[in-house]
Amino acid sequence: MLLIEQTAVPSLALPLQDFKDHLRLGTGFADDSVQDALAEGYLRAAMAAIEGRIGKALVARNFLLTVNLWRDDMEQAFPLAPVSAILSVTPRDASGAGLPVSASTYRLRKDMHRPKIAGVGGGGLPAVPVDGSVDILFTAGFGPAWASVPGDLAQAVFLLAAQFHENRHETSDRAATLPFGVVALIERWRTVRVLGGGEA
């Protein structure tokens, strides 16, 4: 199984000014553009760390999931949530050639923690070609704008990004740990994985 982000979070979707206010950074200086680039970098790093910890995409964007074998021929859990749409399902042969299958042959089973792609009408998922794979292009995230991100997760991003900013010259192991406040904020969003995601 391979998961690749297809579209990055647009810069305009990031709460850059709110984060700079959170840091109480001054404005009107000649190096404002440098501060903006650094602040955006801290925000993106904090988002990536939290998304990886909770298995959730904060801002909606497209991902490509490639599987070489279904864990269950009837349904397959996504490694990321929440999933809002399945854009295409494409079986590929050993050479990489393939055609998308009809959207009428599969459906999305929405769930905040374990969304799944499932067959329709008692049918199974599209067969995986011999020595091939299946590509699933899908959209995951709470919404296209930062306002769609739940408040506790948004606050966790700010806290972690602020730590990255404050400890930007730190080289000890202490800088690699999540602050207690961040852990407390994200705890209820963490996904308990059972059987590697094959079941609920």
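Four bridges join strand β5 (residues 106-109) to β6, and the two run antiparallel. This is a predicted model, in which local features need pLDDT of at least 70 and side-chain atom pairs count only at pLDDT 80 or more, while totals for chains, interfaces and linings use all residues. Residues are numbered from 1 along each chain as its sequence is written, and side-chain values use heavy atoms, leaving out hydrogens and water.

**Around strand β6**

- Helices (H or I, at least four residues) and strands (E, at least two) are DSSP runs numbered from the N terminus, and two strands pair if DSSP finds at least two bridges between them.
- A hairpin through six residues connects β5 to β6.
- Strand β3 (residues 75-77) is joined to β6 by three bridges, again antiparallel.
- Ile117 in β6 is the bridge partner of Leu108 and also of Gln76.
- Lys116 and Ala118 point one way from β6 (residues 116-119), Ile117 and Gly119 point the other way, and all are buried (under 20% relative accessible area, 1.4 Å probe, protein chains only).
- In a regular strand, side chains alternate between the two faces of the sheet.

**Aromatic pairs**

- The structure holds five aromatic pairs (ring centres within 6.5 Å, using the six-membered ring of Trp; stacked means planes under 30 degrees apart).
- One of them is Phe63 with Phe138, stacked at 5.8 Å centre to centre and 25° between the planes.
- That pair links distant parts of the chain, with Phe63 in strand β2 (residues 61-67) and Phe138 in strand β7, 75 residues apart.
- Both Phe63 and Phe138 are buried.

**Confidence**

- The protein chain averages a pLDDT of 88 (the predictor's confidence in each residue, from 0 to 100).

Notes:
Buried means under 20% relative accessible area, exposed over 50%, partly exposed in between (1.4 Å probe, protein chains only). Rings of Phe, Tyr and Trp (its six-membered ring) pair if their centres lie within 6.5 Å; planes under 30 degrees apart count as stacked, over 60 as edge-to-face and the rest as tilted.
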